[in-house]
Amino acid sequence: MLDIQNLRVTYGTGRLQVDAVKDVSFQVKKGAAYGLVGESGSGKSTVLRAICGLAPISGGRVLVDGTEVKTPRDQTFYRTVQMVFQDPYASLHPRHTVDRTLAEPLAIHGEKNAEERIAQALREVGLGPSFRFRYPHQLSGGQRQRIAIARALILRPKVLLLDEPTSALDASVQAEVLNLLDELRHKMGLTYILVSHDLAVVAHLCDKLLVMRHGEGVEETTAAALRHGTASNDYTQSLIHASSGYTREVLKPAAA
Amino acid sequence: MTKPLLEVEDLRVRFHLRTGTVDAVRGVSFQLGRERLGIVGESGSGKSQTGRAILGLTPPPGEVAAKKLSFDGIDLLTASKRTLRTLRGGRISMVMQDPKYSLNPVMTIGEQIIEAYQAHAKVSRAEARDKALAMLEAVKMRDPGRVFALYPHEVSGGMGQRAMIAMMLVTDPDLLIADEPTSALDVTVSMEVLRILDELVAERGMGLIFVSHDLKLVSSFCDRVLVMYAGRVVEELEAKHLREAQHPYTRGLMNCLPTLAADVRPLPTLNRDPAWAL
Amino acid sequence: MSRGGGHVSALRSFLKKIAQFVIVLATTLLGLVAVTFFIGRVVPIDPVIAIVGDRAPAHVYARVRQELGLDLPLIQQFWIYLKKAVSGDFGNSVLTTNPVLTDIVNVFPATLELATLGTIIGTLIGIPLGVLAAVKRGTLIDQCVRVLGLIGYSIPIFWLGLMALLLFYAKLGWVEGPGRLDVTYSYMYTPVTGIVLIDTLMQGQMDAFWNAVSHVTLPACLLGYFSLAYISRMTRSFMLNELAQEYVIAARVKGLSEIRVIWRHALRNAAVPLITVIALSYAHLLEGSVLTETIFAWPGLGQYITNSLQNADMNAVLGGTLVIGAAFVVLNLMSDLLYRLLDPRTRS
Amino acid sequence: MTSAASLPQPAGFRAWLLSPEPASRWQARLGRAYLGWRTFTKNPLAVFGLCIVLLLLLVAVFANFLAPYSPIAGGDLRTARLLPPSAAHWLGTDDQARDIYSRVIYGSRITLWVVLLVSVIATPIGLLVGTVAGYLGGWVDTVLMRLTDIFLAFPRLVLALAFVAALGPGIENAIIAIAITSWPPYARIARAETLMVRNSDFIAAVKLQGASTPRIIFGHVVPLCISSVIVRVTLDMAGIILTAAGLGFLGLGAQPPMPEWGAMVATGRNYLIDQWWVAAMPGLAIFVVSLGFNLLGDGLRDVLDPKAAK
Amino acid sequence: ATPPDTLVQAWQSDDIISLDPAEVFEFSASEIAGNTYERLISYDIKDVSKISGQVAESWTVSPDGKTYTFKLRPNKKFASGSPITAEDVVYSLQRAVILDKSPAFILGQFGLTKDNVKDKIKQTGPLEVTLEVDKPYAPTLVLYCLGNSVASIVEKKVLVQNEKDGDYGYNWLKTHYAGSGPYIMREWKANEVLVLERNPNYDQKTPLARVIYRHIKETASQRLLLEKGDVDVARNLNPEELAAVAKNPDVKLQSGPKGTVYYLGLNQKNPNLAKPEVRLALKYLVDYSAIADTIMKNKGDVHQNFLPKGFLGAETTNPYKLDVAKAKELLAKAGLKDGFSVTMDTRSTAEITGIAQAMQATFAQAGVKLEILPMDSKQALTKYRARQHDIYIGNWGSDYQDPNSNADTFAANDNNADDAKAKPLAWRNAWDPGALTAKTRAAVMERDGAKRAQMYKELQKSVLDDGPFVVFLQQTEVAAVRKNVDNFVLGPSFSDNDVSQAKKN
Ligand SMILES: Nc1ncnc2c1ncn2[C@@H]1O[C@H](COP(=O)(O)OP(=O)(O)OP(=O)(O)O)[C@@H](O)[C@H]1O
Ligand SMILES: Nc1ncnc2c1ncn2[C@@H]1O[C@H](COP(=O)(O)OP(=O)(O)OP(=O)(O)O)[C@@H](O)[C@H]1O
Ligand SMILES: [Mg+2]
Ligand SMILES: [Mg+2]
């Protein structure tokens, strides 16, 4: 479904040049969920943004369904790939009601029967019609994230890019959102790329994942391998270790 | 454990807002010795406001009431502003959540540490400088001399948080309140920061209140844990007994986290019982 | 972020800044010239009449028109003007007969003196007031400061000016009246900078100096009040913004005194955007004090431009406009530089 | 949200307005407006400002009924000229033996007209230039901002005078001139706001839905900038009325005998010291209205601009 | 307070654009020229008809009326100390004609041109000069014109020294001084200050050492300065301010009628205004006395003829007064029973606007809707000279003290075509005065004073009855002067405002 080949993203020029992503390659099969983990600034978000055209691709190729994407992206692309952002507080227009937010993509693509589709989208993400005319400030973080998911799904895309969809949420709410995502994927046969710094979250949703560091893919592994703690890479190992909570004994710090 | 360092009884914080009155903290009581006390709870449960109320830093529309709020025998509720100021930063300190926002962007890190030190110790600038450098070293800063002259925006999050810790510990406080000191940091970095805190508590024997929403972390880091919900303490227990928690809220929080160890699907979610908040 | 070997690149970026500034200045001025020039040609005032008067016979009229180059096509006129302007010749003012540059050298210092004093007064009083209002937010003091500022926004300046003159000059006699200096002192010093206060002081003419101070007090205070109104309001809002920041709480956690928290921490940060505000208000005083100048018989740039405009003395208007435009650009640049100096975040 | 739980439960219509689950677009909108209104009414100064502005509106509408005399036709020059305030002429008479009270009342219409026209002209220009520059960036930004700077660097009065001179005197032209000189600050504000939202996730989200640039600018960016621009426009109103007065002062504003307040003050200037009421009364009107707009603007800022409120 | 030997005046002087007498034309500058330069001829300020010599001791006119011979006073000196010679006089007059600045036509109307002036004005002795004119004009006309500031005597030597590119020292003299009057022009800073200083070489030393003119635009400021004693004279107070300061025991008012009349110009291109009944009706729709008594109190008297009082042949009867009924009747006769709308180009000065509004009110009584178009004076003038107005409200000051100055503009129009070279007021209002033009020309040639006066009376009558001018006021100039100032004189023309004998007690 998705094929990323030697992706390279460079921001800025001259002294300010940042190689945010260097030579990252991976493939995601149709209907699969793929994880990207790594510490802050390792280029996870940038990969997603590059795929959907929000970041400049300065090298490599991105293929969706076997065809290379065009720059700028065309309408079919937007109907195939959608994204959910990290911060539910920032990803909804503060002056638009849920209704307006959900109607916008339908209007852009000239879709009919908007009324029904909005109601349906809300149902799909487990929200009642009473949420329809609320403003974002009248919603909790988890509800906002659901709206964001509904907005991404309303055009019936095949691929969903999830950029830390739960990291701004409380643990209890996180569980709800993760459950929802899991359920939707199975129901609609979606393909996911999930970005997170939380190994447990990635392992929960995804089968395969790529560990990233400093813009490079360090290791591609599977959720199962993570659960068994079998990582070939030191860095992955230290991530696994850290995610199990604080320990008093001194661990060999990963080289910075 | 002798006389407790901090005694809090029936602490209440409320905000009178246009939209009504918000009871942020509703009758929190606990005692703290020279130990690590964790406070956990979901967002908005009143963790931070509890910490701030102890320091007397409840933001303007808020009002604080308590049956007892005393630190080392000093009544914090009736203490003069002056006394409070000498306590603040001197004997009680607080490490805040996000170094990006809690360091003054237009002062160098060194200056800010010196300022904190000189506010409580009558020392020359040179002495203060030496002390600041020593502090930076104590928090495992690799090149203290360089970091000293940097501005907050020139350091990474981890370095900033360490600088913040150095700044707050420079006066050798007896009590440190750490309000989600690691939530803005990477897992690997946050481990380092925690380690530093841990060592300092161990070495200096100070009391630590560790505020976090991460149950897993608190249980592994602290001695004792308070679980807050909607402004009250719903459960207080030894950290190592967290798994055996009684309160359904605590249990729910524990269970709804995905773990590497077990693949539970769907994840259990929390069904809030309105009775918890009463 | 590395600091080593930064000298060369620092120099290069400095040169780049200079080049950028020159380009900005040039394009802004060019834009100003173009707009003013074409405005000058659509204004339905016949500049020839301004020179020859109403009674001149037709042949005199025609000759002067030709002398002014008004018979050429517009573009050509513009081109000629530009060519001359680049070599520093802005033509002669019709009204004063002097080269425009000379005139501006004469009138600009007067305006500069007034605007600078006004800005200083406005800043020195406005900032503390704004800080006070922010710190005492919602109290009576806050409301008082706000209303004081609002009054400054809402009173016609000419009304206030004349009333102040009536009260402080005519009735109370605390200050001297309109004009920059009493005639008695006019010849006691030689103009060098054109700023009377500086000239008299440097030449040791203390009587004249104090007389000049007495003359400038009222108009400067008046302008100061208007700039105070703006500055205190902006200070208040910036301070409110800063006071809500985490680092202010952190400063309090450190046990710093409230005064230090406010002045060293919050205001130090609020100062950064304030720079722009002050520069903007200064620029406004430089251009916008026509009415004050009229009432206080202050021979400044505002009056010069207005008077010239009313007589279609377009060379003079152009010259004045350029000076104000340039002052604006320079102030912008200076506030930019100060901004950089005050805010370490912009340095790297 | 735990805070909602501890709220006293509002009843009736208020409850409907404040409902966390509005059932229709209208209810949501009204609810929002009601909340804003509540914030606004908490500020007594702002309410006072609103009252003044409303009063201005009422006075303008009912000028016919409120004014005892004609604002234009004067009385006998020999006997009724420059009379001090009295029972017959509450605010005195002016140099043409006209009743100042009636003129002030009718003048409110012109003031309102000024306010309206300037906001209708300057706000859209500023918004458009600012958002387009901010959103598109690059050379469009450079060109537009350079243009803005030029207009900003232009001595306002020169530009206004020039426009008035070119278009001919008269209140409309004066207003147009003022409007043309007052948009640059709005453009700057709009641009600054745009830069802030341009890279936000919700803009990225609509981009991802394939929205066209105009759609993003007008549908998503402008609504966010409009409030701070409106606040600024409101705050500027005082300045605009005063600038109109200043033009009147220079003889370029309203045509006599129009009872434009600025022009009235300008005429009154000749009698400022002895017949103080001629200038003071319209001056007072200007002051009160400017104050009203300023207070209103401050209050609006609290409502519309959450940044400043916090 | 002002120094005892210095007279400080507050005045509006933004109209000064040059101090070269060959170019001086506007009010303020001619006052300066009057006090700093001398001319061949002068007249008695109290009785203009008494013409006397100033630099000239005596003069004769040839029998054919074309050659004037002037004998100069011996011992006259310039401020520099050099004697005034016939050479200087010839140079001065030739220079004025050759420079051909705005006021040059005052000499030029006698047939003097750049090309012939060297032959027409000649030195015939060390102290003797002859002037040849092209026609036998009334001698008073020629003499009055020689008393105008354009004919001021300048010092040749100084100007030759400062000459550049054959400009006769013009560019230098614009801001400098080369004369022989009671005062020396010491310094001029445009829109700020103008300083006159005593001329030590003048026959009669001035009592004051210095006269300072401060440019104070705001009249209220002028008043405050005056009452506070920081100026001795305030020159531009408005009627109410004058009334107020008159109550101040330290201040007195001083006035002098000026040769300036206020009038409405009715453009004959406007079909309504072109109707004689309408012209007449408007004359009945002005409340002359109310304006003179209120808005223009102290500053003007009712006057309805184009020749100002004091001029040869000036008519002083004022037949019109406000009569709405009559006006309505006239309008009805013109087929405008319901009135009509018309605009008036109005300079936005306080007094003109005030008068305009008063007229607007009275016009309205007869249904004439007058729309006032306020504009800057230069703009109004531009429009006026392009004949684009309906009604123009303005004033006309005579250029010299001879009736021809006004008759030439109000009653003569040689060519009423749009592209005419000369733009007298009659032309500007598109009015063809018909036979009046010839009559005006003839009056200039009439050498018998009484007959000539009669001719002007007739001209005035015709214009009063039928002309497109509604003359309504004659200006009086008023200055508020502090009590301790004596001998501050306001003369009939602006160049006659005389401070040479002013003194302070
Ligand atoms: N617009 C941009 N301009 C310049 N540099 C950028 C930009 N966006 C991202 N970067 C840089 O690219 C690198 C990768 O950023 P990215 O946001 O992809 O990291 P991330 O792995 O998503 O981190 P996080 O977990 O904090 O979200 C970082 O060093 C960042 O500073
Ligand atoms: N300045 C304030 N004004 C009004 N209400 C406030 C204010 N600060 C906090 N609150 C309210 O007090 C309650 C407790 O807030 P607090 O910051 O203590 O939560 P917290 O447990 O620290 O949450 P988090 O994990 O998100 O930091 C919340 O409901 C919050 O809305
Ligand atoms: Mg990211
Ligand atoms: Mg918190």
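## Chain D: elements and extent

Chain D holds 14 helices and zero strands, where helices (H or I, at least four residues) and strands (E, at least two) are DSSP runs numbered from the N terminus. Its elements, read from the N terminus, follow the order α-α-α-α-α-α-α-α-α-α-α-α-α-α, and its C-alpha atoms fill a box of roughly 75 × 55 × 30 Å along the principal axes.

This is a predicted model, in which local features need pLDDT of at least 70 and side-chain atom pairs count only at pLDDT 80 or more, while totals for chains, interfaces and linings use all residues. Residues are numbered from 1 along each chain as its sequence is written, chains are lettered from A in the order in which they are written, and side-chain values use heavy atoms, with hydrogens and water left out.

Of the 310 residues in chain D, 62% are buried, meaning under 20% relative accessible area with a 1.4 Å probe and protein chains only. Among the contacts of chain D (heavy atoms within 4.5 Å) with a separation of 6 or more, 71% join residues 24 or more positions apart.

## Helix α9 of chain A

In chain A, helix α9 spans residues 234-242, and its buried residues are A:Tyr235, A:Thr236, A:Ser238, A:Leu239, A:Ile240 and A:Ala242. The cover over the buried residues of α9(A) includes β3 (33-38), α7 (199-205), β9 (208-213), β10 (216-222) and α8 (223-227) of chain A, together with α8 (187-204) of chain B.

The N-terminal end of α9(A) is capped by A:Asn233, which has a side-chain oxygen 2.6 Å from the backbone nitrogen of A:Tyr235.

Notes
Buried < 20%, exposed > 50% of the residue type's maximum accessible area, 1.4 Å probe, protein only. Polar contact = N/O pair within 3.5 Å; in protein donor to acceptor, adjacent residues only side chain to side chain.
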